[in-house]
Amino acid sequence: MPRQLGELEDAVMTRVWQWNRPVTVREVLEDLQQERSIAYTTVMTVMDNLHQKGWVRREVEGRAYRYTAVSTRAAYSAALMNEAWSHSDNPAAALVAFFGMMSAEQRDALRDAMRIVSPDAPDAPEVGDHPADDAGPETGR
């Protein structure tokens, strides 16, 4: 399972994911320099580390490498959520607490995702439709 990316790793990967094409160290450097002062060798080292960790693959083009993401940001986020959830001593309570933190839009997205994953399953009740839903996690649910 993945560990969370560091701040600079995340900044680099954000660009790789957003651009969704093979990128060079120079391209990432120039974009990062709009926000911060950073050296070419620093970006090169971060991208090499991301390659060593399996986040990006690279292909030689001339005297440089072009880097491509191995997976999507969505897959990375899902793996982090799964990792956190699987380490809970009470996964059901962790899910209840997590769902309680969600906005209405996030709950709608969750319902849509559940319909995609389990299209034949009956619709789940809306959050708040069950009297115990309003009681909160401190009721032992």
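Colleague: Why are helix 1 and helix 2 called roughly perpendicular to each other?

Modeller: The axes of helix 1 (7-19) and helix 2 (residues 25-32) cross at roughly 110° and come within 11 Å. Axes are lines fitted to C-alpha atoms, for helices over the stretch in contact, with angles from 0 to 180 degrees between N-to-C directions. Angles of 65 to 115 degrees count as roughly perpendicular (under 35 is roughly parallel, over 145 roughly antiparallel, the rest oblique), and therefore the two helices receive that name. This is a predicted model, in which local features need pLDDT of at least 70, side-chain atom pairs count only at pLDDT 80 or more, and totals for chains, interfaces and linings use all residues. Residues are numbered from 1 along each chain as its sequence is written, and side-chain values use heavy atoms, without hydrogens and water.

Colleague: What makes the contact of helix 1 with helix 3?

Modeller: L8, E9, V12 and M13 of helix 1 meet T42, V46, M47 and L50 of helix 3, where contact means heavy atoms within 4.5 Å. These residues divide into six nonpolar, one polar and one charged.

Colleague: Why is helix 1 also called roughly perpendicular to helix 3?

Modeller: Helix 1 and helix 3 (residues 40-52) pack at about 85°, with axes 10 Å apart. That angle therefore makes them roughly perpendicular.

Colleague: Why does G6 count as partly exposed?

Modeller: Buried means under 20% relative accessible area and exposed over 50%, with partly exposed in between (1.4 Å probe, protein chains only). G6 has 27% relative accessibility, so it counts as partly exposed.

Notes:
Helix = DSSP H or I, 4+ residues; strand = E, 2+ residues; numbered from the N terminus. Nonpolar A, V, L, I, M, F, W, Y, C, P; charged D, E, K, R; others polar.
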